[in-house]
Structure formats: structure tokens, C-alpha cells
Amino acid sequence: MYVAVKGGEAAILATHDLVAEARRGDESVPELAVAQIREQMGLACGRVMNEGSLYDPDLAALALKQAQGDAIEAAFLMRAYRTTLPRFGSSEPLDTATMAIRRRVSATYKDLPGGQVLGPTYDYTHRLFDFSLMDSPDVMVGLDPTISGQEGASRATAAGDARVKPEHDVKPLDSHMPRVPDILGAEGLMEEEAPPEGDPRPFDLTREPVTFPADRDVRLQAMARGDEGFMLGLGYSVQRGYGNSHPFVGEIRVGEVAVEFVPEELGFAVDLGDITLTECQMVNQFAGSKEVPPQFTRGYGLSFGHSERKAMSMSLVDRALKCRELGEAATYPAQQDEFVLYHSDNVEAAGFVEHLKLPHYVDFQGELELIRRIRKEREKRLAEQQEALPEAAE
Amino acid sequence: MTVHQSITDETRPAYNYAYLDEQTKRMIRRALLKAVAIPGYQVPFGSREMPLARGWGTGGIQVTAAIIGPDDTLKVIDQGADDTTNAVSIRRFFERTADARTTEATDEATIIQTRHRIPEAPLKAGQIMVYQVPQPEPLRKLEPREAETRKMHAWAEYGLMQVKLYENIARFGEVTTTYDYPVMVNGRYVMAPSPIPKFDNPKMQMSPALQLFGAGREKRIYAVPPHTSVRSLDFDDHPFRIQSWEQPCALCGAADSYLDEVVIDDQGGRMFVCSDSHHCETRRADGHRGAMLADASALHLVEDEAKP
Amino acid sequence: MTPNDTLIGAGFADPVFQSQGAFRALLAALSEPGLAYDISVSVETPVGLEPATAVALLTLADYETPIWLPAALRDGPAGAWLRFHCGATLVEYPARAAFAVIDGAGTEPKLAAFNAGDDQFPDRSTTVLVQCAGLEGGATVTLEGPGIPGQRAVAPAGLRPEFWAEVEDNAALYPLGVDLLLVHGAQVLGLPRSTQIVEAR
């Protein structure tokens with residue numbers, strides 16, 4: 001029998017209650033504090049800050065809590081909040097050369113001024129579960145020695161957990177760590193990157209509509225907030241052959257950079273605080289052209305928090321998207337700015353994919369009516385042909 | 001540094017009237033005026049990120065938020081009905097952020113925000129239709145690149161669209177587009193009417209109401225002023241035609257409205273009822289009775305307004 | 001210079017609702033060319049601007065929209081008022097302007113001096129506010145086009161002799177062209193590029 005879809009409002013309000021219950025889960029398990037998420041799920045917070053285009057670790061943690069850990073839903077919360085914030089102005093350009101570095105690796109030089117600094121990385125963990133994290137609330141800092149013990153060192157003693165709070169090199173890091181592209185640039189081997197004429201304020205795609213072909217400031221901004229998974233897939237495609245690229249990691253650096261702002265009434269820069277950034281500079285071959293001798297070209301990636309995968313993927317796609325400026329053919333998806341920019345925004349993509357959940361029965365009825373009628377007309381036509389056939393045979 | 005916006009008064013509530021800040025409203029209003037001056041042309045605008053998901057009406061919501069004021073009465077429909085979940089959600093949004101007076105009565109509304117339908121009751125002068133648009137580019141399925149479709153509009157090169165429609169006819173004997181059926185506006189721009197059924201296309205032609213279209217995710221606004229030519233694309237030997245049903249609405253008996261099909265059992269039983277819920281209720285209140293109204297009423301599934 | 005020259009008169013007392021009301025009148029005016037709409041809001045209009053001009057610019061202009069004014073207005077209280085209330089840049093070249101204010105009786109600049117947009121972005125054109133002596137009482141002109149059922153007659157007063165020929169030339173550029181708002185007192189009348197000047201039937 002016909003059920004009119006009445007009571008939509010009551011149903012909607014009930015979904016709000018249900019999602020609140022689902023978020024909380026079993027109430028016998030203690031509630032997560034936002035600070036716990038911020039401190040212990042820092043990489044997830046970094047992703048939410050990147051895709052939400054807002055540097056605020058506390059809000060990112062809150063977004064993750066409210067969204068039950070759904071990174072895209074959390075990024076959506078960040079963006080919906082961000083869009084309502086008044087703008088006091090734009091900061092001075094950040095200077096990553098002055099970064100307080102915690103991690104810095106280069107694949108292009110065995111050693112370089114400042115050295116290689118491994119820092120906090122999962123790169124050389126063996127992805128073995130540390131089961132003691134499962135049930136012990138107070139595991140000390142440091143991995144289980146069965147996973148992370150030093151070569152030749154004895155295994156954990158029978159006395160139990162042998163881990164100790166690790167002591168690192170107390171030697172301070174070299175304050176002078178030139179960026180690798182700058183080293184190449186000094187030799188004239190790296191493509192020069194000068195700001196556009198007049199050094200205009202960069203485009204802001206959250207306030208202005210994008211037109212194509214898109215300039216590099218637009219592309220970099222779109223990729224910085226683009227979906228990590230999508231950027232990773234595109235970057236990977238470039239490496240596998242869907243893009244003419246031969247990348248080397250010139251340098252990845254992670255650390256803190258000061259944000260400075262010049263209030264109009266003061267006229268000099270004020271330090272607003274530090275933010276954590278990951279920067280990747282990818283070095284690529286370039287054969288040169290009639291005008292330009294062979295040199296290296298740059299792919300650039302920058303992201304909030306410690307998020308190397310994102311910064312690396314971005315730098316691969318950045319280089320691929322430079323094809324127009326460098327006179328290369330734009331054959332593959334990662335080289336097509338419209339394709340990359342329109343489809344990397346996961347909040348937009350999720351909205352449009354998920355809108356298919358909304359009722360479409362008016363349009364579907366139109367399709368039903370059409371298909372039924374075309375089939376009926378076809379059957380009629382076939383029946384007429386059948387009737388006509390025996391006569392033709394006589 | 002560049003100051004984009006002055007600091008707002010701290011004593012005001014956190015959100016501005018109708019959610020959007022005034023600078024954003026000005027930007028949308030400027031786009032709307034250009035859209036009205038160039039009927040059917042898609043004006044790019046700085047679509048804001050909204051607290052509702054992209055694809056869920058953020059374009060229509062931004063347009064409504066930029067035009068609505070205390071003198072307005074707002075009606076929101078989805079699939080023709082006022083009580084579909086997303087229509088309820090959007091109506092709540094404006095009740096909360098703009099203290100909007102709302103209605104389900106088409107003739108009482110000054111602004112009608114819609115997804116997928118134009119009401120059956122004729123629109124009047126002074127009314128504004130706001131359409132939610134998922135894909136504003138009528139040529140997008142033929143040419144995915146924006147840089148190319150923009151040139152096609154610039155040069156009024158619509159041959160590709162004609163070819164596609166004609167291929168349809170060659171293959172199926174008719175144009176098989178049933179919704180979002182492309183129209184030519186003021187003899188110049190091919191326009192997507194949004195995914196309304198082609199049944200509703202004739203209602204756009206020379207309508208006395210102002211029609212505004214908002215595509216939030218795609219960041220485009222376009223418009224059809226009142227009394228403007230809106231012609232559905234067709235061919236002399238295959239004129240445009242709309243859907244028709246073999247039976248009238250089972251609840252109100254209307255024979256000239258767009259009908260939704262409702263599956264009523266697993267034996268192939270179907271009933272057809274008006275998609276415009278307010279139109280159907282109004283007709284029943286006026287004493288029109290469809291074949292299944294008594295059954296539906298006995299089960300308290302709909303109100304039989306005419307019953308004593 | 002008297003102290004009064006340096007004082008900048010008040011803008012909107014209630015920006016949210018006054019601009020919303022004024023916008024709806026402007027939207028109606030461009031949607032239904034040839035009909036006069038009232039946008040009376042009390043603001044302290046500077047010398048040289050019609051009240052409707054001042055309200056329209058307060059409603060629509062900001063730091064994103066360069067405004068062109070005749071030099072006398074640009075360097076006077078009107079320019080200062082618009083800079084202060086709208087944060088708008090005042091530009092010297094008509095073709096750079098998003099909005100422009102001209103004297104309907106003046107000989108320069110011609111409508112063709114303003115930006116007509118380009119074929120891919122016809123929306124990037126100037127909206128020109130034409131201040132005239134009256135929205136009726138002048139020579140009758142017949143209009144056709146979107147927003148007009150059949151034909152509509154208008155008779156604004158105090159326009160330069162070649163004005164309507166310029167409007168015809170502008171309409172011939174369609175879909176390019178400038179959009180006009182004729183203003184007098186608190187009233188505004190729209191003449192978008194889509195409107196054709198025709199012989200009365």
C-alpha cells in the first residue's frame with residue numbers, strides 16, 4: 001500500500017540521535033579526549049588539516065572525534081567552519097629554509113651540509129604488531145625491543161618489558177641545512193623559479209572560481225587540499241609510465257616554521273607562532289629546449305603536519321602538470337590540470353557521489369516511461385513483421 | 001598583507017543572517033545580475049564551502065541565501081514534494097539561519113527552491129524559482145573539458161549536441177533524454193534546465209517568474225528572466241514531446257500532472273500518484289477523488305481532506 | 001576647504017537588510033527591463049551621486065570591483081565616500097571598471113569605452129549607472145527582449161542625443177556588451193545588453 005513520505009523532519013532528527021549513539025559506542029569504554037586524539041593520532045590530524053585547509057590540531061582532533069575517525073567527514077567539518085572565519089589578512093610567505101628540522105632526507109646526495117636526519121619515520125619499522133599496545137595503558141615510549149632492539153643486544157629479559165625511554169643524540173642539529181634545489185641552483189642546474197611579474201597575491205580557490213588552463217599557484221593550492229589517496233594514485237601513475245617523469249627525492253624536510261604577519265597599523269612583522277610542515281622537492285630530468293640548456297626541473301609538495309606521502313605525491317603531480325610550461329605533451333591524467341584539479345577535492349567528490357542517495361524517482365520515472373514505451377513499440381513492430389512474413393513467403 | 005574583510009562586531013551571533021557573510025552575498029548578487037543580463041550563460045562564481053554536502057543543493061542554497069529577506073515566503077521541494085528529507089533539511093536551514101517564513105503552498109511562496117521539479121500550479125509574476133543544479137554544463141557529457149565547452153558556447157557551436165540528439169533518433173526513433181533535456185535560451189545559449197523531467201520544460205517557456213540556477217560544486221550561476229524564450233531542442237520531423245501516463249493520479253484523479261510510480265506489492269501492483277504533493281493535496285481538498293483514495297485514507301496513509 | 005568637504009556621510013544603517021532590499025530591486029530592474037523600481041534607503045548621499053546610484057554601489061561594490069567615476073566626482077566627496085564605504089578602487093580607464101557612473105547628458109565617455117566582456121566570459125563587463133534627469137518625460141523608445149512580454153515603452157529624460165544609437169550598438173554586440181541601469185532620484189530602470197530597441201508595433 002502507498003506510504004506517503006511524511007514525517008521527514010522527525011526522521012531526520014532521529015538520525016542525529018542515532019549517529020550520536022554510534023559515535024559514542026559502548027559506554028563502558030571511556031570516552032576519548034580530544035587532546036588524546038591530537039597527541040596520539042597526530043598523523044590523522046595532519047591529514048584532516050591538509051584536506052580541511054585549516055591549520056588547527058585541536059579542531060582537527062575534534063573533527064575526527066565527531067566524525068568517528070572518518071577523515072573526509074572530518075575535513076568537511078573543518079572546511080565548513082573555515083569558510084565562516086573572518087579574514088584578517090594574508091601571512092608573509094613562509095621560509096622553509098629556516099625550518100627547525102626534525103627530519104630531513106635526500107636521495108640525491110650521500111651526504112650534504114646538515115646531514116641526513118632520519119627523525120620519526122615508520123620507514124624502517126618492520127610492520128610487526130606491538131601487541132603490548134593492545135592492552136597496556138601505560139606502555140612507555142619506544143617500540144617493543146623484540147621489534148626495535150639493537151643488533152646484537154639481548155632480547156627482553158624475563159623480568160618483562162625491557163623498553164626504556166630512548167635517548168637520542170643530544171647533539172643539536174646543524175642550524176644550516178640548505179635545501180637541495182638551492183644547492184643545484186647555485187650550479188645553474190636547477191630550473192629557476194621566479195614569482196610571476198609583480199609578485200601578485202596568490203589565487204584563492206576558496207573565494208574565486210577556477211578557470212583553465214590553471215596557473216601554478218592554483219594547481220598547488222588545489223593539490224595541497226586534495227585527497228591524499230587520489231594524489232598518491234596520480235603520483236604513482238606518473239612513476240609507472242602515465243607521465244614522462246624520472247623523479248629523485250631531492251629532499252624531504254619535516255619541522256616547524258614560524259608564521260609571520262604584518263598588521264597594517266604596525267607595519268612590521270609579528271610572529272604568530274610555529275606550524276609543522278612537510279616539504280618535498282622532487283628533482284626531475286629535463287632534456288632542455290632550443291632556448292634552455294639541459295637542466296633539472298622541480299616538483300614541489302608542501303603539507304601541514306608530518307605527511308610525507310602527501311607531500312611526495314603532490315610534488316610528482318606538480319611536476320607532471322608543468323608539461324604546458326615546459327612544452328611537453330599532456331597525454332596522461334596527471335598532466336591534465338582540469339582532470340587533476342576537478343577530481344582531487346574529496347569533499348566535493350564525496351558530496352556528489354553520495355548525493356546519489358537522495359531520491360531521484362522523478363527522473364527515474366521518466367526513464368521507466370521511456371523504456372517501457374520503446375519496448376512496447378518494438379514488440380508491436382516485430383509482431384507486424386511476423387504477420388507480414390508468411391505472405392511474403394507464398 | 002591584504003585585508004579581505006573587516007572584523008565583525010563581537011556582540012553579534014556567530015553566523016550572519018542567511019549564513020553567508022555580506023561580502024559573499026555581494027559576490028553572488030553581482031553574478032546573479034550578470035546571469036539575468038545574459039540569459040542561459042553560466043557565470044562562474046566563488047562558490048563557498050557550505051555546511052551541507054556538495055551535490056546536496058549548495059548552489060541553490062547560496063542563491064537563496066543571497067536573495068532572501070524578511071518579506072519573503074520560502075517553499076522548498078525535492079522531487080516535487082515538500083516533505084522529502086533533503087527538502088526538509090534545507091527548509092530547516094533557512095528557518096534557523098534566516099528566520100524564514102516557509103510554506104508548502106505554491107501560490108503563497110515568493111521564493112521556491114527546487115530540486116528536479118517545477119510545481120504544477122502556474123508560476124506568477126514576482127515569484128522566483130531557485131533550481132539546484134548538479135551539472136550546469138549541457139555539453140559536459142559530450143565534451144568533458146571545461147576549456148573546450150566554454151569555447152563551444154562562446155562561438156555558439158552546438159553541432160555536437162544536434163548530432164547526439166539525432167543519433168538518438170536514428171537508433172531509438174526518438175530523443176531518449178527524459179530529464180535535464182537541453183534548451184535554447186533567448187535563441188543564443190544552450191542551457192541545462194537542471195534534472196527536471198522534460199515534462200516540465202514547457203513551463204519554463206515565457207514564464208512570468210524569474211528563474212535562477214545555482215551549481216555549488218561546479219561554481220556556476222545562470223538565469224532565465226521572466227518572459228524569455230526557452231525552447232527545448234528538437235527537429236522539424238521529430239518535435240519535442242513530453243511524458244504522458246495511461247492513468248490519472250490514484251489519489252486526486254489529475255490527468256495532467258507528472259506522476260510518480262509506487263510499487264504496492266510484490267505481485268506487480270503499481271499505483272501512480274502526483275509528484276507535486278501540494279498540488280495533489282489541494283485537488284483532494286477541492287473534492288477531486290482518485291480511484292485509490294478511499295483505500296489509502298482507510299489505512300491512514302493519506303488524509304482524505306474531502307471526507308466529513 | 002570647509003570642514004564639510006572632508007566629512008564622509010553615513011552609509012547603510014542596517015547593511016544586511018538594506019542591501020538585501022536594494023538588491024532585490026536591482027534584480028527586478030534587470031530582470032524586467034524598462035520598469036522603474038524604487039531603491040529608496042536613507043543614506044547620506046554625497047554630492048554628484050543620485051540616491052539610487054549611491055545605494056546601488058553600496059549594495060554591489062567592494063574591494064573586488066573597480067569603479068569608474070567622472071574625474072570631478074572621483075576627486076570629490078563622491079570618490080571619498082565610495083572609497084570609504086565600499087573599499088573600492090577608483091580607476092582612471094573606463095575599460096577597467098566593473099561599475100561606472102556617467103552623466104546621461106554628458107558627451108563622454110561613450111558606452112563603447114567600457115568593458116563589453118569577452119566571448120568566453122561575457123559576464124566580465126561593466127555595469128554602467130546612467131544618471132539622468134528623469135525616468136519619464138523624455139522621448140519614447142520601444143523595447144523588446146527577455147523580461148518584456150511583447151513590447152515596453154520607456155521615456156527617460158535628459159539623455160545625450162546619440163544615447164539610444166549607442167544602446168543599439170551595445171545590444172548588437174550580444175551576448176557581449178555593457179549592462180545599463182538608468183537612475184534618477186531613488187529609482188532605477190534596467191537596460192541589460194539583451195534588450196533591443198525596436199520600432200513600436
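Helix H4 (residues 57–66) of chain A and helix H5(A) have axes that come within 8 Å and cross at roughly 130 degrees. Helices (H or I, at least four residues) and strands (E, at least two) are DSSP runs, numbered from the N terminus. The axes are lines fitted to C-alpha atoms over the stretch in contact, and angles run from 0 to 180 degrees between N-to-C directions. H4(A) and H5(A) are therefore oblique to each other; under 35 degrees would count as roughly parallel, over 145 as roughly antiparallel and 65 to 115 as roughly perpendicular.

This is a predicted model: local features need pLDDT of at least 70, side-chain atom pairs count only at pLDDT 80 or more, and totals for chains, interfaces and linings use all residues. Residues are numbered from 1 along each chain as its sequence is written, while chains are lettered from A and ligands numbered from 1 in the order in which they are written.

Which residues of H4(A) and H5(A) make the contact? H4(A) gives Leu59(A), Ala60(A), Ala63(A), Leu64(A) and Gln66(A). H5(A) gives Ala74(A), Leu77(A), Met78(A) and Tyr81(A). Contact means C-beta atoms, placed from the backbone, within 7 Å.

Now to the meeting of chains A and B. The contact takes 49 residues from chain A and 56 from chain B. Helices H1 (8–24), H5 (71–82), H14 (346–354) and H15 (361–393) of chain A each give two or more residues to the side that touches chain B. The largest share of that side, ten residues, comes from H15(A).

Three bridges join strand E6 (residues 141–144) of chain C to strand E7 (residues 152–154) of chain C, and the two run antiparallel. Strands pair if DSSP finds at least two bridges between them. Thr142(C) has Ala153(C) as its bridge partner in E7(C). In E10(C), the bridge partner of Thr142(C) is Val198(C).

Note on methods:
Two residues are in contact if their C-beta atoms, placed from the backbone, lie within 7 Å.
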